[in-house]
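Hi there,

Here is the structure I promised to pass on to you. Have a look at it first, and then read my notes below.

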Amino acid sequence: DVLTIFGNNDWRSTAEKLPELCPSILPLGKEPVTLDDGAELIGFSFVPPTPFIIKDWERPESSGRGSERGGSMNGLCSGDRGMEECSIKGRETIREELLKLGPLKGRILVSHGPPFGTCADISGGGRHLGSRDLTEIIREEHPLAVLSGHIHEAPFISGKAVCSMSG
């Protein structure tokens, strides 16, 4: 089996159809996946607002921050009749979505987006664009490890492919 995580450029409708179309690809989500050694992986696809049009996996930060990223609250989401205009204003925050995962201590969190203030969230302009809510939850919950995606240019700017943060 192959494990995958969806993110800001993926449609929710694709995630819903994947098990039927490709049964050997398992999307990580709220239900933990237990590896052979007993480690539990749990997935998190949501990211703060981006300038991109697809909004299925975007959520506001609990602080209301996000507009400094150049992110838009409006775009397109998967709907019953295909793509529909939507807004992420009023949706649950990244923090609220993270808390739905349950306790993270002892688990490996796999997040599409990076935590704020790490080598993985640096933009071409040198700004940190990761999730502040994710950083706070990591510090509060102390997961065993966090594997995250990155702002695409971040490894080239920071010179690092692996980041660490103490929590």
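Let me start with a definition: two strands pair if DSSP finds at least two bridges between them. Helices (H or I, at least four residues) and strands (E, at least two) are DSSP runs, numbered from the N terminus.

Before we go on, please keep in mind that this is a predicted model, in which local features need pLDDT of at least 70 and side-chain atom pairs count only at pLDDT 80 or more, while totals for chains, interfaces and linings use all residues. Residues are numbered from 1 along each chain as its sequence is written, and side-chain values use heavy atoms, with hydrogens and water left out.

Now the overview. The protein has four helices and eight strands. Read from the N terminus on, its elements run β-α-β-β-β-β-β-α-β-α-β-α. Of the 167 residues in the protein, 37% are buried (buried means under 20% relative accessible area, exposed over 50%, and partly exposed in between, with a 1.4 Å probe and protein chains only). Contacts (heavy atoms within 4.5 Å) tell us something too: among those between residues at least 6 apart in sequence, 62% join residues at least 24 apart.

Next, the sheet. Four strands form an open sheet in the order β3-β4-β7-β8, with mixed pairing. Its edge strands are β3 (33-34) and β8, each of which pairs on one side only.

Strand β4 (residues 40-44) runs parallel to β7, and four bridges join them. Across this pair, Gly43 stands opposite Val110 and Phe44 stands opposite Ser111. Four bridges also join β7 to strand β8 (residues 145-148), again in parallel. There, Val110 stands opposite Leu147.

His142 is partly exposed, with a relative accessible area of 37%.

Happy exploring!
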